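Please open the structure in a viewer and keep the selection panel at hand.

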Amino acid sequence: MKQPGGATVAVVEVENEATATAGGEPTAAAPAASHHVLTLSLRVMQLGPAMILVTLVVVLSLLSDVFLSFENAGNVMKQSAVVCVLALGQLLVILTRGIDLSVGSNLSLSGVVGAIVWRDHRSAAAAILATLATGCVVGMVNGLLYVKGRLPHPFIPTLAMLTAASGLALYLSHAQTIQGAPPVVNTLGAGRLGWIPGAGPIGWFPVATLVVVGVAAVVVLITRGLVWGRWVYAVGGNPEAAVRNGIPVPSVLISVYALSGLMAGVAALLTMGKGNAASPTSGSLAELDAIAAVIIGGASFLGGRGRVINALTGALVIAVLRNGLNLLGIDPNWQYMATGAVIVLAVELDVLRGHVEGRVRSLQAVAAQ
Amino acid sequence: MSGSDPTSRPVLEVRDARKRFGAVTALDGVSLVVEGGEVLALLGDNGAGKSTLIKAISGVHHLDSGTVTLDGVDLTGANAMTVRANGIETVYQDLALFDNLDPAANFYAGRELAGPAWLPPPLRFLRHGQMAQRTRELLDRLQVSLPDLDAPVALMSGGQRQAVAVARAVAFSTRVVILDEPTAALGLRESGRVIELVRRLKDDGVAVILISHSMDQVQAVADRALVLRRGRAVGEAVPTAENHELLVSWIVGASAGAAG
């Protein structure tokens, strides 16, 4: 009676070791070694978006003579600034398991409001304030509709706002582009550092990129340094646990949508400055680029995971891809298909990372026995 | 703190708790008392009302009627934050951990160490170093070893995650710890460690409410066992080997009393 029982136990143990070492030598050191390999590959994969960007830059430099120049780098940075700013707001929303489809329309509306204030009152401060306030209020309404209106998913209120804000922008502007923007806004959106005396070597650097860096620095500070940021990650990681731990989840949610709206306002200033005008359709479909940037940047749609630097990298990937394909004279329609391919590639990388994480966890469990 | 000896009188008292969810009666007049340094096991089949009861105590649910008092202070209807501030900690069955955050962030979720005090709480600056330091000290004291304190808890094993959840409760509770099936997802050895933590709480004079389906564990660590069935308290006994049958009959409702 005892012998069969003993044999069974032995078989189970052998199987456990085989799983633990993934077919390697069943020694005590093997799990630790493969743990290190997995942890290392996890670190590499966390560089995912940067890897994609570097690869793109290297390949395009080889294919095009003009791609790798300060002038062109300045162009790419200037072109990506709007998407960068929108992506920063979108990141905050996606961190809480949400989505903000309204940022493109919000950009158009905020720009139109700002341009009307500038046209009628000629006050730069009032125009800037009106633009930012419009963006922020629209975002806050999104948040309130979602949280207080108990709508089932942020897709609904922000989709409704996409349509509504777009309609309001067309109504207020009589479907016309409103010409003119405050000079300071023009500098922000279109300026280069060249106008500063002695800026010679960095004269190609767009002012809009400085705006992006400044806004990004603030977002890093509030997400990593403040209690609020910790709450954003907590709400995304486990909303129910956040409630149980006394985190004011409704306020956190409303605040991320308000900030996403504020970012749409900032992006509206850059857009208005770049074209010295505000069109009621200037932000159309910009929300898709912003969402794509965040996803390419490796943020999880399941919430709680994503980094500012990676979201910006994602926005740059999209801009570099478009710029490079343009320089190579490739049909613009291919650009959209290429962007689609990069989104899938980036998320596949993320899925792979998830598998590796699972392996690390199971090895930890074995090590803990 | 009243200054009286916490082990000398009831710490937590629930009286005649009633709660309905629509047509379903989850709690139908349950009362219980737990003293400091005592482990009360809460037994019952699925749907007996155990979870509703502990959620009512921890401020997640609000009772339709009945009272919850801690050292004579009325906590009926208090929210989760207030209950925690009064020294009642709960470890939920599903752990309620933040997988994406590291152990220190999990420990301090919702009560982050931050300053300066004149700023509104969400706008205060996190004291990362202080939180990491205290977390490390506490885990050392509880003899919980984790491979990497900077890694998100998603990368940890079931036992390590459970240890983080229990240690979090231990760290902040001054009066009562409620454990909802703390070993349900664990292997034998890891379960043993969690039970060891429960003993340490008891020795520290903390009142413990333990929900468990393992009679062995209940016998090993609990001083009393209260059985719930269909929202009612149907019996209470000291969980010994001799009382095992009796407790099981109360749980499944096969006792003579049920027929009458």
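For the classes used on this tour, Ala, Val, Leu, Ile, Met, Phe, Trp, Tyr, Cys and Pro count as nonpolar, Asp, Glu, Lys and Arg as charged, and the others, Gly among them, as polar. The model on display is predicted.

**First stop: the largest cavity**

Select R244(A) and N245(A) together with S58(B), A80(B), V83(B), R84(B), I88(B), E89(B), T90(B), Y92(B), A96(B) and R168(B); these residues line the largest cavity. Its volume is about 140 Å³. By class, the lining has five nonpolar, three polar and four charged residues. Helix 2 (80–85) and strand 6 (88–91) of chain B may be coloured next, as each supplies at least two residues of this lining.

**Second stop: the second largest cavity**

The search of the whole structure finds two cavities of 30 Å³ or more. The lining of the second largest cavity has seven nonpolar and five polar residues, and no charged ones.

**Third stop: the interface**

Now show chain A and chain B together. Here 27 residues of chain A are in contact with 35 residues of chain B. The two chains bury about 2,700 Å² between them, with 57% of that area on carbon and sulfur atoms. Within chain A, select R230(A), R244(A) and N245(A): they lose the most area to chain B, together 30% of what that side buries.

Colour helix 9 (207–225), helix 10 (227–237), helix 11 (239–244) and helix 15 (332–368) of chain A, each of which supplies at least two residues of the side that touches chain B. Helix 10 gives the most, with seven residues. By class, this side of chain A has 14 nonpolar, eight polar and five charged residues.

Finally, turn to the second largest pocket, which has a volume of about 350 Å³. Select Q79(A), V83(A), K274(A), D289(A) and R322(A), the closest to its centre of the 19 residues that line the pocket. Helix 4 (70–95), helix 12 (249–275), helix 13 (286–296) and helix 14 (308–327) of chain A each supply at least two lining residues. The largest share, six residues, comes from helix 14. The lining divides into eight nonpolar, eight polar and three charged residues.

How values were computed
Residues numbered from 1 in each chain as written. Chains lettered and ligands numbered in written order. Predicted model: local features only at pLDDT ≥ 70, side-chain atom pairs only at ≥ 80, totals over all residues. Heavy atoms only, no water. Contact = heavy atoms within 4.5 Å. Buried area = accessible area lost by both parts, 1.4 Å probe. Helix = DSSP H or I, 4+ residues; strand = E, 2+ residues; numbered from the N terminus. 1 Å grid on protein atoms, 1.4 Å probe; cavity = no way out; pocket = protein on both sides within 12 Å on 5 of 7 lines; lining within 4 Å. Points joined across faces, edges and corners; volume = space filled by probe spheres on them.
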